[in-house]
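Please open the structure in your viewer and keep the sequence panel beside it. The tour below says what to select at each stop and what is there.

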Amino acid sequence: MSRSRYATKTNTANLASSLTDRGLVNKIICLHRMKIAVEGCCHGELDKIYETIEYLEQKEGVKVDLLLCCGDFQAVRNEGDLKCMAVPAKYRTMQTFYKYYSGEKAAPVLTIFIGGNHEASNHLQELPYGGWVAPNIYYLGYAGVIRYKGIRIGGLSGIFKSRDYRKGHHEFPPYNPETLRSAYHIRNIEVFKLKQIQMPIDIFMSHDWPRGIYYYGSTKELLRKKKFLRQEVESNSLGSPAAEELLAHLQPSYWFSAHLHVKFAAIMQHPPKGKSAPHVTKFLSLDKCLPHREFLQIVDIPERPGSSEGLEYDPEWLAILKATNTLQRTTPHPWNPPENNGLHERWDFSASEAAMMQVVEDLSGDLGIPDNFSLTVPSYNPNKPHPQATPSYNTNPQTTELCAKLGLTDIYAQVGRGEDEVARVQGSTGGEDDDDEDEDSLGSTDEPSEYPTDTSGLSGSFNPDEITIEDEWEEEELKAEVKGDELFDAKAGEIHTPSRMVLPEPKCGVSPPPLPDLMNLPPPSHSTPAHAQFGADRAAQGSGDDEDVTAARILKRTSIESGDAGSRGPTPRIKRRNQVIYTAAEDDECEG
C-alpha cells in the first residue's frame with residue numbers, strides 16, 4: 001500500500017495553514033471523484049464481497065478505490081476467536097477472513113470497517129484505537145476518525161445497550177455469557193470523544209441506526225419490508241440514541257449503517273446553526289451479504305486535490321484521544337462524562353490548534369498510517385484444525401507503538417494486567433452453550449440511562465433486542481445452502497442495475513430550501529449478482545410517504561397487531577429460546 005511521506009517543515013506549515021481556516025473543507029475545489037463501495041453486514045464473507053466488487057468493476061467499467069464495511073465484519077483468525085463471537089454454535093464457521101490474515105490472499109481494495117455485534121471481540125480489543133487486522137484491511141477501533149485522499153471518515157463500533165453504556169471497557173477473554181455480549185456494546189466515553197470533534201466529517205459509520213432516522217426516508221417502505229419494527233418506529237424507540245446524538249452534532253455528509261438487514265435510504269436536513277446554511281446528511285443502510293440481497297452500494301464522492309494516496313491519521317482526532325486519555329476506565333462501574341455544571345474543572349476536550357500541531361510533532365511530521373501489521377496469533381490451518389483451541393489474549397504491537405508515540409494508555413493491556421481493580425467474574429469460555437438461562441437472567445444490573453426515553457434496557461419493552469428477524473439465521477442460511485455459491489457467479493446481462501440510488505426528499509423541523517444539487521446522487525446501487533431479477537423488487541416511493549411519517553410521529557405506543565390487512569402473512573412473533581448463546585445471538589441481530 002502506498003503511503004504519504006511528509007517533510008516535517010512543509011507538512012507542519014501546511015497543517016497550520018489549514019487549521020487556521022476551519023471552513024477550508026467546504027471551500028476546496030474538488031478535481032477528482034473516487035468510487036467508494038459501501039457494504040452492510042459482512043458476516044465474514046470477504047471472498048464474496050470482493051468478487052462482487054470485481055464483477056461490478058468489470059460490468060460498469062469503473063475502479064473502486066475504497067470499501068467501507070458497516071459492522072459484523074467477523075475478523076476470525078482461528079478456532080479460538082470463534083469462541084469469542086456471539087453467534088449460534090452451529091454458525092461458528094471460519095468463513096474467509098483468515099485467508100487475508102495469514103497472507104494466503106490479499107485484499108484487492110483498501111478496506112475500512114467498524115465493529116458490530118457479531119465479532120471476534122478478543123481480536124478487535126487488541127486495537128482499541130484502530131489498526132490493521134490484515135494487510136490492506138483497517139479497523140477504526142472503538143471509535144475513530146482517519147483520512148483517505150483528503151476525505152475524513154469516522155466511525156463508532158458496536159451497538160447501543162443502556163445497561164452497559166456507562167461502563168468502562170472491562171471485558172477480557174475468556175468471556176462469560178454476559179461479557180461475550182457486553183464487549184460489543186457502545187460506551188459513553190467513545191461518544192464523548194466523538195462529540196469533541198469540531199471540524200467537518202465527510203463520512204460516518206455506525207452499525208445500528210441513529211434513532212429517528214426512519215422518519216426521514218420512506219417509513220412506509222421500511223415497514224412493508226420489516227413489519228415487526230412498526231411499534232418501535234411509532235414510539236421512536238428503534239435505533240441508538242447515542243448515534244442520534246452524534247448525528248445531530250457531527251452532521252456528516254454521509255452516514256452509513258447496517259444491522260437491520262434491510263436497505264433504507266434517507267436525507268436529513270439539520271436545523272441551521274446561527275447564520276450558516278443548514279447541513280444535509282445522506283443516510284444509507286444496507287443488507288447483509290447474501291444472494292438476492294441489496295448489500296453493496298457504490299457511492300461517488302469527490303476527493304480533494306493535494307491529498308495523499310494512503311490512509312492518514314487525523315490530527316484533530318488524535319489530539320482528542322490525548323486529551324481524554326485520563327478519562328478512560330477499565331471497570332464495569334458506571335461513569336458519567338464531565339459537564340459544565342460547576343462540578344468539573346474541565347469539560348471541554350476539543351482540540352486546539354496547538355494540540356493538533358503537537359500531534360504532528362509527536363508523529364515526526366508524518367501523518368501516514370504505517371504499514372505495521374503483524375500476526376499476533378497463529379492463523380487457522382484447514383489441514384490441521386484445532387477445535388479445542390481456547391480464546392487468546394494478546395497485546396498488539398500496533399497499539400503499543402501508537403500509545404508510545406502519543407502517550408496513550410493501552411486499555412486492553414491495562415485490563416489484562418488487572419489494573420483499576422477490575423471486577424470480573426469470568427465463567428466458562430464464551431463459546432459454550434448454556435441451556436438453563438435466558439438473556440434476562442444473566443445478572444446484569446441496569447443503571448439509569450442518560451437517555452430518559454430509552455427503553456432498550458427494560459425487559460418489558462418490545463424492541464429488536466428480543467426478536468428474531470424473520471428467522472434470518474435459519475431461513476436465509478438454508479436458502480444459501482440450497483442455492484449454493486453459483487448465485488454469486490451471475491454472468492453479465494443477468495443483473496438489473498438501478499440507474500441511481502433512490503433517496504427521499506430531505507425532511508426536518510424547518511422548511512428546507514430547494515436542494516437541486518443534493519439529488520445528483522451516486523451511481524448505480526448493487527447487491528449480490530443473482531440469476532435474473534436482481535433488484536427488480538425495488539419499490540418506488542409513493543406520494544403518501546410524508547403522510548405516513550407524520551402519522552408515525554404522533555402515534556402512541558400500541559400493541560402490535562397479529563397481521564395487517566392486505567399483508568401476506570402475520571407479523572413475526574417474539575421468539576424466546578432456552579440456549580443463552582442462541583437467544584442472544586439471534587436477539588442481537590437487531591439489538592438496539
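**Stop 1: helix H11**

Select residues 241-250, which form helix H11; its buried residues are Pro-241, Ala-242, Ala-243, Leu-246, Leu-247 and Leu-250. The model you are looking at is predicted. What covers these buried residues? Show S7, helix H8 (188-194), strand S8 (203-206), S9, S10 and S11, which are included in the cover.

Now go to the N-terminal end of H11 and select Ser-240, which caps it. A side-chain oxygen of Ser-240 lies 3.3 Å from the backbone nitrogen of Ala-242.

**Stop 2: the whole chain**

Zoom out. The chain has 592 residues, and 59% of them are buried. It contains 18 helices and 14 strands. Of the contacts between residues at least 6 apart in sequence, 82% join residues at least 24 apart. The chain exposes about 23,700 Å², with carbon and sulfur atoms supplying 50% of that area.

**Stop 3: backbone details in loops**

Most residues other than glycine have a negative phi, and most peptide bonds are trans. The next selections depart from that pattern.

Select Pro-173 and Pro-174: the peptide bond from Pro-173 to Pro-174 is cis, with omega near 0°. Pro-174 sits in the loop between strand S7 (151-156) and helix H7 (179-182).

Next select His-261, in the loop between strand S9 (254-257) and strand S10 (264-269). His-261 is not a glycine, yet its phi is positive, at about 55°. Is His-261 buried or exposed? Its relative accessibility is 1%, so His-261 counts as buried.

Then select His-292, in the loop between strand S11 (280-285) and strand S12 (296-303). His-292 also has a positive phi, about 65°, without being a glycine. With a relative accessibility of 43%, His-292 counts as partly exposed.

**Stop 4: salt bridges**

Side chains of opposite charge can pair when their charged atoms come close. The whole structure holds 25 salt bridges.

Select Asp-300 and Arg-33, whose closest N and O atoms are 3.1 Å apart in a salt bridge. Asp-300 belongs to strand S12 and Arg-33 to strand S1 (residues 32-39), so this pair ties together parts that are 267 residues apart in sequence. Asp-300 is buried, at 16% relative accessibility, whereas Arg-33 is exposed, at 51%.

Glu-234 is buried, with a relative accessible area of 11%, and Arg-230 is partly exposed, with 32%.

Now select Asp-287 and Arg-293. Their side chains meet in a salt bridge of 2.6 Å, N to O, and both residues are buried.

Finally, which residues are linked in a network of salt bridges? Select Arg-147, Arg-152, Asp-314 and Glu-316 together to see that network.

Terms used. Residues numbered from 1 in each chain as written. Predicted model: local features only at pLDDT ≥ 70, side-chain atom pairs only at ≥ 80, totals over all residues. Heavy atoms only, no water. Helix = DSSP H or I, 4+ residues; strand = E, 2+ residues; numbered from the N terminus. Buried < 20%, exposed > 50% of the residue type's maximum accessible area, 1.4 Å probe, protein only. Contact = heavy atoms within 4.5 Å. Polar contact = N/O pair within 3.5 Å; in protein donor to acceptor, adjacent residues only side chain to side chain. Areas by Shrake-Rupley, 256 points an atom, 1.4 Å probe, with all protein chains shown as cover. Salt bridge = Lys/Arg side-chain N within 4 Å of Asp/Glu carboxyl O.
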